[in-house]
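Please view the sequence and structure first.

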Amino acid sequence: MTATDSAPALVTERSIDPLGFEVPSTVPTHWYNLAADLPQPCPPALHPGTREPLGPEDLAPLFPMALIAQEVSTERYVEIPQTVREIYSLWRPAPLIRAHRLERALGTPARIYYKYEGVSPAGSHKPNTAIAQAYYNKLEGVTRLTTETGAGQWGASLSLAGALLGLTVEVWQVRASYDAKPYRRFQMEAYGGVCHSSPSELTEAGRAILAATPDTTGSLGMAISEAVEVAAEDPEAHYSLGSVLNHVLLHQTVIGQEALEQLGDVVPDVIFGCAGGGSNLAGLTFPFLGRNLREGTTTRLVACEPAACPSLTQGEYRYDHGDVAGLTPLLKMHTLGADFVPPPIHAGGLRYHGMAPMVSHAVNLGLMEAVAIDQDTAFRAGVEFARAEGIIPAPESTHAVAAAIAHARAATTDEVVLIGLSGNGVLDLPSYGAYV
Ligand SMILES: Cc1ncc(COP(=O)(O)O)c(C=O)c1O
């Protein structure tokens, strides 16, 4: 039983009701919560004014109670509502594929697998949490969701969720991506979402940033400030975050739980996942980390971040805001500073100044490692992967592919390497232009 099972019956529209068909048993029934297995609890989020640990009431203007409960839950498993499982079954379980041709191309004895999230309707892992977040908001009677997006994968995913569950979605997209990558905006609009370039004239935060730095290329931290401000002012609206927070990471654990099942007795020696805010990495690796902690397996977990925005490898581990305007709670995380504006690299989804507190905590405890990959190396690996396996990885995912390829090239045994292929790059093809 989850908190939401007893939520008030505010909803009359049928979009939220289960259709009642039998969802295949290969679609996970629960999300996995790493908090249950951590040797030390993750430091709590603090109120930005008092610096005291946040209470549920502090988060209530922005999030539904079910998600607030998940944010602080220490239960190992959280049941996935039937409506959410039904929607997941449109593309889940996502395939786990042995990269035979890549192995041959690299001449490696390593056995390489990849877990492919690009089969979702939006093209990435992001709908795993977008659907869940939209569901719980709808259940609480919210009619409008606001959010930020980088390259647009998250904005498209939340717009998709809004379409399926009957919510209005309004997105602030980082200006560099808004200008350079219009296709995901069209995707958002096709799903009925509304997309603004950030910083915008629509919010106080956006106007202040534009007055100080009119030519800014924008950042996720700025776009978050705008989306949070709008949600906080509208009683019918809530804010939705595409990464970083515990409940977002929780929803993504369908990835790793499926991979555990699909691998059966095969225990990966090392897993590589790209890391922006940390959600796909956590989603893939946390179920394996939980097994390491409970059963003593020794799977290595490697976060792959861009050299242009290296929060884990170069940032400080301290309390910081999630946004530029200082509207969000203080999170204990690896951070480059909330006002850090990364260069406008192609992997827009990896341009975040901080890292999920749970991922930061795991790295700090020595349970996870991190590497930084430069953009050229990442894209070259993306092209190499595409020519061997056929799938063109999202620019974000190429960071994991690059680290895995370097590892496999040096391998001398048939060790098992697992890559998190978080999305496809078919709407990012102009970014590949310089590398083909
Ligand atoms: C395909 C893809 N992979 C990875 C990321 C990075 O985000 P996260 O670290 O939360 O998975 C993004 C973000 O937009 C993305 O679109």
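Lys126 sits in the loop between strand S4 (111-116) and helix H5 (127-139); helices (H or I, at least four residues) and strands (E, at least two) are DSSP runs, numbered from the N terminus. The model is predicted: local features need pLDDT of at least 70, side-chain atom pairs count only at pLDDT 80 or more, and totals for chains, interfaces and linings use all residues. Residue numbers start from 1 along each chain as its sequence is written.

**Lys126**
- UniProt, in an unreviewed entry, lists Lys126 as "modified residue: N6-(pyridoxal phosphate)lysine"; positions follow the numbering used here, feature names are shortened, and annotations may be inferred rather than shown by experiment.
- Lys126 is buried, having 31 other C-beta atoms within 10 Å (buried: 20 or more other C-beta atoms within 10 Å of its own, placed from the backbone).
- Beyond neighbours within four places in sequence, Lys126 is in contact with Gln153, Trp154, Ser157 and Gly242 (contact: C-beta atoms, placed from the backbone, within 7 Å).

**Sheet**
- An open sheet of four strands has the order S7-S6-S5-S8, with parallel pairing (at least two DSSP bridges between two strands).
- S7 (194-198) and S8 (237-239) are the edge strands, each with a single partner strand, so one side of each has no neighbour in the sheet.
- S5 (residues 144-149) and S8 run parallel and are joined by three bridges; Thr146 has Tyr239 in S8 as its bridge partner.

**Packed helices**
- Helix H6 (residues 153-165) lies across S5, S6 (168-174) and S7, at about 175° to S6 (axes are lines fitted to C-alpha atoms, for helices over the stretch in contact; angles run from 0 to 180 degrees between N-to-C directions).
- Helix H10 (residues 220-233) packs on the sheet and touches S5, S6, S7 and S8, its direction making about 170° with that of S5.

Conventions
Buried ≥ 20, exposed ≤ 12 C-beta atoms within 10 Å, placed from the backbone. Contact = placed C-beta atoms within 7 Å.
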